[in-house]
Amino acid sequence: TATTLNFLPPEKSVEAGVKRAAADANATTPAKKQPKAALRDEVLAFLRTAPSEKGYSVAEVQKKFADIPGDQVRAALVELEDETDAYTTLDRDHFAAMEA
């Protein structure tokens with residue numbers, strides 16, 4: 001006996017339905033704090049713990065956030081500097097937080 005296979009068009013597939021449901025959920029879910037913003041806030045909090053005016057080196061900050069890729073930590077530092085929440089001290093590799 002011959003077996004007939006019925007294929008659903010792509011828009012009717014389960015995968016497409018899952019993608020559509022995820023997109024709909026994202027559209028109706030209130031905005032949450034993005035991971036990038038959370039990292040930025042955590043880095044700023046860490047900078048505020050610096051024991052001296054020289055702040056922390058990029059290497060020290062990256063060591064503190066060792067589970068985060070180094071380029072993301074540096075991007076958070078640059079963003080903090082751009083927003084004037086932090087500034088460079090000794091050189092381009094040392095950052096301190098602006099006083100709160």
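Visitor: Of the contacts in the protein chain between residues at least 6 apart in sequence, how many join residues at least 24 apart?
Guide: That share is 49%, where contact means heavy atoms within 4.5 Å. Keep in mind that this is a predicted model: local features need pLDDT of at least 70, side-chain atom pairs count only at pLDDT 80 or more, and totals for chains, interfaces and linings use all residues. Residues are numbered from 1 along each chain as its sequence is written, and side-chain values use heavy atoms, leaving out hydrogens and water.

Visitor: OK, which elements does the protein chain have, from the N terminus on?
Guide: They run α-α-β-α-α-β-β, with four helices and three strands in the protein chain. Helices (H or I, at least four residues) and strands (E, at least two) are DSSP runs, numbered from the N terminus.

Visitor: What's the strand order in the sheet?
Guide: The sheet is open and goes β1-β3-β2, with antiparallel pairing. Two strands pair if DSSP finds at least two bridges between them.

Visitor: And which strands stand at the edges?
Guide: β1 (56–57) and β2 do; each has a single partner strand, so one side of each is left without a neighbour in the sheet.

Visitor: How many bridges are there between β1 and β3?
Guide: Two, in the antiparallel sense, with β3 covering residues 94–97. In that strand, F95 stands opposite Y56.

Visitor: Switching to helices: at what angle do α2 and α4 pack?
Guide: About 75 degrees, with the axes of α2 (residues 35–47) and α4 (residues 70–82) 9 Å apart. Axes are lines fitted to C-alpha atoms, for helices over the stretch in contact, and angles run from 0 to 180 degrees between N-to-C directions. That makes α2 roughly perpendicular to α4, a label for angles of 65 to 115 degrees.

Visitor: Which residues meet there?
Guide: From α2, K36, L39, R40, V43, L44 and L47; from α4, Q72, V73, A76, L77, E79 and L80. By class, this contact has eight nonpolar, one polar and three charged residues. Ala, Val, Leu, Ile, Met, Phe, Trp, Tyr, Cys and Pro count as nonpolar, Asp, Glu, Lys and Arg as charged, and the others, Gly among them, as polar.

Visitor: Where does α2 lie relative to the strands?
Guide: Across β1, β2 and β3, running at about 90 degrees to β3.

Visitor: One last thing: is T84 buried or exposed?
Guide: T84 counts as exposed, at 55% relative accessibility. Buried means under 20% relative accessible area, exposed over 50%, partly exposed in between (1.4 Å probe, protein chains only). T84 is in the loop between α4 and β2 (86–88), and has a positive phi of about 60 degrees although it is not a glycine.

Definitions and conventions. Parallel < 35°, antiparallel > 145°, perpendicular 65-115°, else oblique.
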